Amino acid sequence: MGLFSGWFGASKDEKALRAVFEKIRRVLEDEEFQIELLPPPLQSILRTCPGYDRDPRGTGPFGYSETNPIPVNGPIGELAYLSKLETENGERILFHRIGAIDKIDVFEAVTFSGTQWFILFADMYHPRRSRLLPEGFRFTKEVPQFSGFHKRCDAFPYDFAEMKNADQTGLSMAYIPISKIAPWLEKRAYQRSLAHKAKLELLNARITSFQNQS
Amino acid sequence: MTVAICVRCGNEKAGAFRVCDHCGTKPRTDDEFATALALSWHLASESELTQFAHQLKHGKLIIPDALLAQARQALAADKQLSAMLKTLRETSVARGSGNGADQKQPKPTTEVAARRHVRSLRQTALHRNPFWLLGATPRDDRRRIIELADQKLLEIDQEVCQQARSDLTNPRTRLAVEMAWLPGVSPNKATQLARQVLQDAMSVRRELGLPPLARANLMAAAFEAVNGDDDPNDVAEFIEELAGTVDEISAEDVLRDLNEDRAVSGFPEIRSPEQIESELTDRKRYFRDAIRGALDRLPSTSLITTITMAVTHTTDGGQEHAPELIESVVDAYEVGAQEFLQKEAENAHRLVAAIRAAAGSGEDTVKRLIDSLEAVSRNWSRIAQPIQVCARARGVRHEPSMQLGFAIRGLAVDLFNEHQMLGQSKRLTELLSELFSELPELTERVEQDAEALAEITRDLVEAESARSEWEREITYSAEVGAMFKSTLSISPKGISWQGQSFPLEKITRVRWGGIRHSVNGIPTGTSYTLAFGDIHSEAVVSLRRHEIFSTFVDKLWRAVGIRLLTEFLQSLKSGKEFRIGSVVIKDDRVILPRNKFWGASELVPCTWSQVQVWSADGSFCIGSKDDKKVVAGLSYIDVPNVHIVEQGIRMAFKQPGMRVLSDLLTKK
């Protein structure tokens, strides 16, 4: 920034930078903007669906059961919601979408340090995201840069950098820097528990069967 | 990479909780989920999975407790996983693939059911029931039955029609007819189900929620549709389903259902459950015969596979009692198989006798005969396995299997003990472990034998290894001589020197030593002598190089010295005595000369506690502790085997309280 910029207004570079920051902020936070980034047919579907914090007919623990998924506003809304989560110990999570059972998306998640693994269910066909939290989580006070993907990561989470670099949606600028998780990636800290592996096997069987049927 | 194996049949499958493509089994209960998880790559290595698969296929699965505990803990500790498994269980039940979450026997899955082809029947036992023949229902009164019989006279044989009418109206025969129909099912539904059996017999297997006796009657009728094209896995499951259903029949419930109908029809109420119990005995006999009839229509191999699977699964490999119906089916099977088993047993016993007789002819002959015995035994085991498993589940033993198993075990023991055929003995022991695992008494013995044989094999390997080490250690050769060199060599074959060769085992004497030379007190070197020989001759080597001398002595001691020492002690123990130089050595004493200045020496016997030993002037000396004149010196270099004797005496002297030299052979 030049010496006189404060007196005579921001330079062109600074304006561009601010515009980028503003866009990132809207990508991360602005529910309407998140919908606008989607293809028009999907936008119209989401806008006609009901907006609520939880499905009134939902059963089972919120977010942990396919019968009580987290309502969110489209796929970017899913990224935004999950990236805002942190555990009660203050640890944020990495996540990826392993598939869908019917219209409910299934996400596998792990804390940055690799100590806890989760399976979370989200329903993206809503105009806004839920303000409720799955048990054991709270919303982070950090800037909720994206920390996961709406695709399946074959080597999750070790392929985080490759997935981020391969992103074609223009959202890569909204992602956390790799340095935030590099120490744990280098330590190969991510080991799934036996129960978690069993859950993945059960879900993968159902996701596969659904995809085969469609 | 094996992902998981089926908890029932041991075949590979795509995931722990998935349906087995081979047998259609899917885990349903908590225990089955835990077992399935233990039998997957999440917990077991590739080799462990292979081992589990082998055990399952032979009806004896042993999962380490730690592995199962780990699986159970994982399943119990995670609420989300528990919920997912609950959903899985409920989905299976909703699809009609089982009777309930906690029912032990896996029921046919949609995949297996889909493979079944629709088949129609013209008639079954159910359609020979008077209710079906006359188109009557259990709620029709006597007058209506007579009317219906009159109408049917034009359609069916008169005699059959009259018999049907009589069976339905006579209180004595009516109960059997009612129980053979569909008690507790509404008249319309009963007619529809009876038609369904004719149109698509196997579809009745999906009819859940019926009273057990009615369901069993329908299934037994459907058994008439089983034929040689059916998959043995499917038939086995069908048998298990029927057996499970029969076990659920309650005489009180049947009594209640029948009396409800009788209250409408006006026939007298049945008073006691005993009447029902008596008729149930006949029904169970009918169910057994329905299964037997179906099994008889299968090819022999399918029949055996079917019955083996049904028994193994319902008894958990012989660990639990089989359902009553399965037991009676196996009993009937045993009667049918008796003649075959008897003939095969005779063949096997003949072969055992032939192998014993041929054992002296060498291992090749025995091996060929054991090939035949193995084939016969495998044949026997294949047929006898369901009987063995069922007997084990009942807590009794299958005597013919025991006799055959012990005959083979005896042969295995004798082949080793009397003919040292370790390989063939091990082969038979392994065969017994594989084929007779359902016989606990035999298995225990065989396991002990296997352990003993394994230990012997280990010992042999170790002995072989020690022998190789010894052969390497004693092998040595060196050039001896200043101008005209000759080769002195020692190896397991023997010792050679200047054209003379002595096999190691023939050598009976050794001696060695060195003499220091000097001129006017100035050392001029040492000359060494080595000698060895048998009872006929001796070779003597003179040399000056200490290095060759000491190395050769070391090799000679290992190759021959230890054996000579052992033989010396054994001979003493057997009462022999040895004269070496002027000394006579016995086990418990030594006879030494008392040296006199004048006249001949006299011989003085001394116990070993009365003498002492030492080395002096190139000799090994033995002398009395009390009389200095009673002493003898044995030159190391001149007198054969002095080194051997010295070693024996010095070692024996180290034994506390030593009385005889041969104690060395027995005391540690």
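This is a predicted model: local features need pLDDT of at least 70, side-chain atom pairs count only at pLDDT 80 or more; totals for chains, interfaces and linings use all residues.
Take the hairpin first: E7(B) and E8(B) form it with two residues between them, and Asn520(B) in the turn has a positive phi of about 55°. Strand E7 covers residues 509-519 of chain B and strand E8 covers residues 522-533 of chain B; they pair in the antiparallel sense over 11 bridges.

Residues are numbered from 1 along each chain as its sequence is written, chains are lettered from A and ligands numbered from 1 in the order in which they are written, and side-chain values use heavy atoms, leaving out hydrogens and water.

Now for the open sheet in chain B, where four strands are ordered E3-E4-E5-E6 with antiparallel pairing. At the edges sit strand E3 (476-480) and strand E6 (500-502) of chain B, each pairing on one side only. Neighbouring strands of this sheet are turned by 10° against each other on average, direction ignored. E3(B) is joined by five bridges to strand E4 (residues 486-491) of chain B, and Glu479(B) stands opposite Thr487(B) in E4(B). In a regular strand, side chains alternate between the two faces of the sheet.

Helix H21 (residues 546-573) of chain B lies across E3, E4 and strand E5 (494-497) of chain B, running at about 145° to E3(B). That angle is between N-to-C directions on a scale from 0 to 180 degrees, with axes fitted to C-alpha atoms, for helices over the stretch in contact; contact means heavy atoms within 4.5 Å.

Stepping back, chain B has 23 helices and 16 strands. Of its 668 residues, 50% are buried, meaning under 20% relative accessible area with a 1.4 Å probe, protein chains only; exposed is over 50%, and partly exposed falls in between.

Over in chain A, Leu17(A) lies in helix H2 (residues 12-29). Leu17(A) counts as partly exposed because its relative accessible area is 47%.

Technical notes. Two strands pair if DSSP finds at least two bridges between them.
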